[in-house]
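Student: I have a protein model open and would like to learn how to read it. Could we go through it together?

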Amino acid sequence: MNIEKYIVGVDIGGTWIRVAISTIDLQKEDIITKAIQTPKEHEYSISNAIISLLTQLLIENGIEKDQLLGIGLATAGPINLETGNVFNNANLGFREIPLKNPIQERFPEAPVYLINDGNAAVLAVHFFEADNSEKDNLVYITLSTGIGGGVICNGRLLIGKDGNAAEIGHGIVNSHSNFQCNCGAFGCWEVYSSGTGVKNRALEAIKTSKLSSKILLFMIDNDESKITAKEIFQAARGGDKFSKSIVDQCVFYSKVGIGLVNNYYDCTSIYFGGAMMKDSDLILPPLIEQFNTEPILFTVNRPPRIKKTKFLEEIGLLGALTLVKYRLEGNPILG
Ligand SMILES: [Zn+2]
């Protein structure tokens with residue numbers, strides 16, 4: 001009898017942990033997933049939750065541990081590939097969070113692979129979405145709570161010494177900025193164009209701006225504590241001048257960010273993802289227009305195609321699965 005084999009993908013974010021199981025051919029419709037909110041009680045809460053979710057998935061689907069070929073862990077970084085831990089992540093809490101070792105101990109039959117979520121996402125785009133002409137020089141950028149990314153250059157995934165290549169959200173796009181990033185530096189791209197950045201810039205500017213914010217204030221019942229990126233984009237769409245100026249700033253610094261990425265990696269295509277792509281109608285068209293008509297203001301290299309991924313919620317999970325598939329198949333993209 002031929003016993004079916006499976007691969008496992010895990011996506012660890014500040015809000016959700018998702019676990020998926022699939023056969024190695026990764027047919028989208030056959031991938032089974034489960035998710036819970038990210039627990040933050042102690043250092044081992046996350047690995048315990050993953051073990052418990054995966055165990056439930058195995059039981060519910062009548063799968064034995066020895067049918068597992070490999071487990072991929074995609075996590076918000078920074079990661080340390082040597083220790084298998086996440087360190088200094090403000091959203092997950094704790095200085096060090098052990099991930100790989102506690103999971104490997106419980107599933108000794110299957111190799112466990114660790115990757116940061118930006119790098120995982122570009123693998124997902126590579127397998128599920130990109131066409132052949134763009135696969136070898138491909139970038140993924142997430143605009144979400146923060147800004148992160150993954151880069152495939154010359155057909156190789158860029159990983160870096162610890163596993164944290166392509167921390168593009170911390171590229172400094174304004175060296176005169178007074179706005180400090182979570183990382184400690186001033187003027188990072190994420191300070192202007194992430195969801196948190198848009199919200200914080202609006203909260204600071206609303207007190208002094210001379211532009212009308214009537215629509216925004218009406219939407220939030222004059223309660224500034226209700227402002228998030230979502231309200232800013234909605235008000236901008238409705239013609240609110242103040243909100244429009246914040247969105248313009250988000251878009252302008254995204255042009256600078258894309259220009260840096262294209263100067264460094266000379267990419268064929270950039271796929272955007274992350275929660276802010278719910279408002280992609282206000283973000284992507286001006287970026288596409290700029291790089292189609294006047295790229296030279298922002299990049300010296302031939303401009304990239306700019307697209308939106310169709311996988312907004314699940315891209316890290318799909319990337320974790322793709323990592324396992326590519327590792328087991330010896331795909332040269334992983335070196
Ligand atoms: Zn930063």
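Tutor: Welcome! This is a predicted model, in which local features need pLDDT of at least 70, side-chain atom pairs count only at pLDDT 80 or more, and totals for chains, interfaces and linings use all residues. Residues are numbered from 1 along each chain as its sequence is written.

Student: In what order do the 5 strands of the open sheet lie?

Tutor: Strands are DSSP runs of E with at least two residues, helices are runs of H or I with at least four, and both are numbered from the N terminus. Two strands pair if DSSP finds at least two bridges between them. The edge strands, β3 (32-37) and β8 (112-116), each pair on one side only. With mixed pairing, the order is β3-β2-β1-β4-β8.

Student: In which sense do β1 and β4 pair?

Tutor: Strands of a sheet pair through backbone hydrogen bonds, either parallel or antiparallel. Here Val10 stands opposite Leu73 in β4. Over 7 bridges, β1 (residues 6-12) and β4 (residues 68-75) pair in a sense that is parallel.

Student: Is Ala166 buried or exposed?

Tutor: A residue is buried if 20 or more other C-beta atoms lie within 10 Å of its own, exposed if 12 or fewer, and partly exposed in between, with C-beta atoms placed from the backbone. Ala166 lies in the loop between β11 and α4 (189-193). Because Ala166 has 27 C-beta neighbours inside 10 Å, Ala166 is buried.

Student: And why does Asn154 count as exposed?

Tutor: Asn154 is found in the loop between β10 (147-153) and β11 (156-157). Asn154 is exposed because the number of other C-beta atoms within 10 Å is 9.

Student: What is the value of omega for the bond between Gly77 and Pro78?

Tutor: Most residues other than glycine have a negative phi, and most peptide bonds are trans. Pro78 is found in the loop between β4 and β5 (79-80). The peptide bond that joins Gly77 and Pro78 is cis, with omega about -5°.
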